[in-house]
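The following report is meant to be read beside the sequence and the coordinates.

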Amino acid sequence: MTDQVHLAIALERAGWHPAAWRESTARPHELLSPRYWAELLRTVDDAGIALATIEDALSLPDRFDASEPLRRDRVRGRLDASLIASFVAPLTRRIGLVPTVTTSHTEPFHVATALQTLDFASRGRAGVRLVAGASSAERANFGRRSSGVDTLPPSGRVEDSPELLAAFREAGEFADVLSRLWDSWQDDAIIRDVSSGRFLDADRVHAIEYEGEFFSVTGASIVPRSPQGRPLITVLAHQSVPYRLAAERADLVYITPHDERGLAAIRAELQAASDELRGPGERLRVYADLLVLIEETSSAARDAAARLDDRAGEPLASDARIVVGSAADVAEAVRELAAAGVDGVRLRPARQPADVAAIAEQVVPLLRSTQTLREDDGAGTLRARLGLARPESRYVREKVAL
Amino acid sequence: MSSPVRQIHLAAHFPGVNSTTVWTDPTAGSQVDFASFEHFSRTAERGLFDYVFLAEGLRLREHKGRVHELDVLGRPHTLSILAAIAAITEHVGLVGTLNTTFNEPYELARALATLDHLSGGRAGWNAVTSSDAFHGANFRRGGYLDHADRYERAREFASLAKELWDSWPDDGVRADASGGVFLDDGVPSRVRHRGAQFDVDAVFDVPRSPQGRPVIVQAGDSADGRGFGAEHAEVIFSLHTRFDDARAFYDDVKGQLGAWGRDEESLKILPAATFAIGDTAEEARERSREIALSQVRPETALTYVEQVWGSDLSGYDPDGPLPDIDPDTGAETAKGWANRHASARKRVAALRELSESEGLSIRETVIRLTANHTFVGTPDRIAAEIDRYVQERATDGFTLVGHLTPHGLDEFADRVVPLLQERGSYRESYPEGATLRDLLGLPAARRVPAFATP
């Protein structure tokens with residue numbers, strides 16, 4: 001069992017506290033500016049954070065926030081996360097870039113090729129966080145679907161809602177199609193054979209011919225195989241159905257344990273799902289989420305949290321465990337998770353850029369000094385950095401099996 | 001009094017996946033590695049081009065039931081690569097081809113608005129229609145739209161995209177921290193759109209971008225395409241490059257602008273153009289010939305006629321006469337090529353006429369049709385020709401494509417651009433803080449606000 005972890009960060013506009021944009025350190029007028037995102041990503045890249053997720057949604061209200069009328073004291077409006085990731089790719093060196101993509105409205109073909117392009121532009125650092133489901137606000141923006149749900153059923157369980165269950169089946173198909181498209185060009189498809197005049201060998205490019213419940217995709221990707229072969233697929237999961245999606249289709253899952261017992265239970269469930277559903281190859285990497293608010297001292301942090309809660313008009317609520325404290329408090333929480341055996345910890349900064357800076361300048365050095373942070377050996381790609389092998393195209397394997 | 005010198009506008013087209021792009025040259029680089037896009041966009045900026053221009057891939061081309069092997073194949077996702085280029089350039093515009101058939105307006109409008117924010121106002125959209133079930137097979141929507149429906153969808157798509165962009169006022173983000181008001185009431189406007197193609201009740205989630213609306217480029221040449229151009233386009237990427245042809249097209253399209261309340265300068269026409277440069281006229285002709293022979297190799301020529309005839313012609317000699325058999329009008333050997341809708345019989349007849357009147361072999365006929373370079377000459381001669389087109393209102397400039405990836409425009413930027421500058425019809429530097437609209441000399445996007453509020 002390991003007691004070292006990778007650190008990930010979850011970037012979300014002004015931060016994860018709904019009143020974060022009102023802090024004096026916030027830059028609420030710059031949330032759409034290229035400089036804001038370039039600076040944030042460079043900060044966490046230089047600090048040695050392994051990967052950054054970037055939140056997204058296809059609606060003005062946040063996902064599952066159906067409050068009418070729209071609350072006007074919250075950050076509204078955003079940029080497309082996938083394009084933010086592509087934009088920062090040439091400006092960063094080592095960090096994994098993991099935009100959020102919803103699977104209910106987008107085209108798997110476009111998403112697959114966008115992520116391969118991100119993989120080329122970042123020289124092998126692309127990933128994606130897939131989100132299942134479509135809120136009513138998103139549906140209205142697209143106008144293509146009438147059915148769907150915004151909230152969990154009374155039981156709180158996805159399997160008790162046919163619509164949510166369908167959304168997760170769709171997400172599973174989506175992930176499957178992504179990886180098939182990513183495999184559709186063998187690594188050696190481009191031959192540039194001047195004597196025969198052939199640029200590529202058509203036998204090494206494969207139509208995926210996928211027909212599913214929600215969509216069909218016939219051809220090969222338009223993008224040749226990218227540096228990582230397959231960009232990383234990641235999901236955030238809170239219960240059985242998403243755990244099973246992660247076990248079957250993802251490279252990495254973010255979970256939200258609130259204590260050690262909760263963590264053990266989630267890991268057991270993920271393990272059981274993996275044993276049942278996961279094919280051969282790499283084991284599912286497990287990252288625990290923490291929402292963090294950091295000040296010089298624990299009491300200063302509590303004061304800041306109280307100030308923010310007061311402005312928000314309600315105490316901060318989160319699916320993830322909240323750590324309000326000093327950098328040492330956050331480092332201790334990360335160490336506990338590392339000792340409990342997770343592969344990584346994803347920090348959600350309550351305030352951007354303030355808590356991002358605190359993570360980079362204080363938390364990371366503390367974790368480094370106690371050797372809690374897994375250091376890299378100069379690995380080039382995100383997969384290599386996380387210790388994941390570069391997958392071979394499934395079409396090569398099929399051919400060998402014949 | 002002489003009229004003022006008209007300014008030339010140039011776009012830099014990244015070489016695509018057809019025989020124009022020569023990959024057999026030992027210096028030819030990758031069509032997908034970011035280093036190629038870095039080099040290409042830096043050349044475009046050195047040459048003070050208005051914008052870099054990228055095509056779009058939706059499905060790999062096929063020939064005789066197999067993925068086409070002879071040309072460069074594979075390319076990046078248009079928007080993603082433009083966003084990455086935005087990070088390493090400062091001035092040049094970023095125009096991507098994005099179809100209206102296999103995208104949804106909300107998603108594409110937000111991606112383009114994002115690109116406009118990230119680039120500081122340099123985004124443009126070449127709106128194209130896609131037609132066939134071949135491409136549709138890769139998408140949820142699938143299926144087929146006939147020609148009229150394609151343009152109906154394109155028009156409705158463009159109108160809806162503009163409504164979404166216009167739904168935010170210029171200074172829509174209040175972000176008043178002390179008052180706790182991030183957005184004022186009524187911002188943004190709700191966009192209710194009910195049409196034959198789209199039925200949405202949308203609240204757009206990207207505040208207004210630096211240009212207000214990205215520049216809209218259009219390439220279709222049918223009557224429907226020209227109509228769409230006159231209504232929505234701010235740049236037209238045409239295939240009319242011969243001088244008389246270009247001027248007729250210019251007159252036709254610009255003549256339609258009045259009906260939409262637009263003036264001549266609100267639309268720029270930048271036809272596709274290729275070139276071959278030499279120190280002397282003779283050397284340029286030799287260079288052009290050399291490039292043409294690399295572009296149309298014997299197997300490329302046969303593939304071309306196989307596509308027209310719709311049958312396997314592998315027994316024919318590329319250096320011999322055209323096949324004497326009738327085309328197979330029931331077959332479609334080529335899938336995924338644009339602009340090849342004319343009937344097989346008509347195309348065969350045209351090829352025969354060209355070949356017979358000049359005694360051309362299969363290969364020479366195909367060279368004449370696909371590798372006939374627009375500008376062949378000394379840098380001085382090419383600069384004079386480009387200037388003539390623009391001063392005499394045959395075009396507003398050109399969309400240049402080199403035959404090599406990624407350095408095919410280097411020589412043009414280094415040798416022709418300075419001569420255009422000497423003529424006084426090309427910029428000496430980028431104006432500080434210019435948007436793509438500014439570079440193109442287009443009017444600012446006038447916002448047409450909606451009424452309803454969310």
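## Salt bridges within and between chains

At 25% relative accessibility, B:E299 counts as partly exposed, where buried means under 20% relative accessible area, exposed over 50% and partly exposed in between (1.4 Å probe, protein chains only). B:E299 forms a salt bridge with B:R297, the closest N and O atoms being 3.0 Å apart, and B:R297 counts as buried at 11% relative accessibility. A salt bridge here is a side-chain nitrogen of Lys or Arg within 4 Å of a carboxyl oxygen of Asp or Glu. Elsewhere, salt bridges that share partners join A:D188, A:R198, A:D201, A:D203, A:R204, B:R66 and B:E69 into one network.

This is a predicted model in which local features need pLDDT of at least 70 and side-chain atom pairs count only at pLDDT 80 or more, while totals for chains, interfaces and linings use all residues. Residues are numbered from 1 along each chain as its sequence is written, chains are lettered from A and ligands numbered from 1 in the order in which they are written, and side-chain values use heavy atoms, with hydrogens and water left out.

Over all chains, the count comes to 81 salt bridges by this rule. One of them pairs A:R71 with A:E314, with 3.9 Å between the closest N and O atoms. Because A:R71 lies in the loop between β2 (51-54) and α2 (81-88) of chain A and A:E314 in the loop between α8 (298-312) and β12 (321-325) of chain A, the pair ties together parts that are 243 residues apart in sequence; helices (H or I, at least four residues) and strands (E, at least two) are DSSP runs, numbered from the N terminus. Both ends of this pair are partly exposed, A:R71 with a relative accessible area of 27% and A:E314 with one of 38%.

The named pairs are set out below.

| Salt bridge | N to O distance |
|---|---|
| B:R297 and B:E299 | 3.0 Å |
| A:R71 and A:E314 | 3.9 Å |
| A:D355 and A:R351 | 2.9 Å |
| B:R110 and A:D56 | 2.8 Å |

## The contact between chain B and chain A

How many residues does each chain bring to the contact? Chain B gives 80 residues and chain A gives 74, contact meaning heavy atoms within 4.5 Å. Between them the two chains bury about 6300 Å², 60% of it on carbon and sulfur atoms; this buried area is the accessible area (1.4 Å probe) that two parts lose on being put together, summed over both. Seven salt bridges are counted between chain B and chain A, and the side chains of B:R110 and A:D56 meet in a salt bridge. On the side of chain B that touches chain A, at least two residues each come from α1 (34-46), β4 (66-67), α2 (78-88), α3 (105-118), β7 (173-176), β8 (181-183) and β10 (199-202) of chain B.

## The annotated site in chain B

In an unreviewed entry, UniProt places the feature "binding site" at B:T97, B:H147, B:Y151 and B:S222; UniProt positions are given in the numbering used here, feature names are shortened, and annotations may be inferred rather than shown by experiment. B:H147 is found in helix α5 (residues 147-166) of chain B, and B:Y151 has its place in helix α5 of chain B as well. B:H147 is partly exposed, with a relative accessible area of 35%, whereas B:Y151 is buried, at 7%. Neighbours within four places in sequence aside, B:H147 is in contact with B:S222 and B:D224, while the contacts of B:Y151 include B:T129, B:Q218, B:S222 and B:D224.

## Backbone details

Most residues other than glycine have a negative phi, and most peptide bonds are trans. In chain B, a cis peptide bond joins B:T405 and B:P406, with omega about -5 degrees. Phi is positive, near 55 degrees, at A:R123, which is found in the loop between α3 (108-121) and β4 (127-131) of chain A. A:R192, in strand β5 (residues 190-193) of chain A, has a positive phi near 45 degrees.
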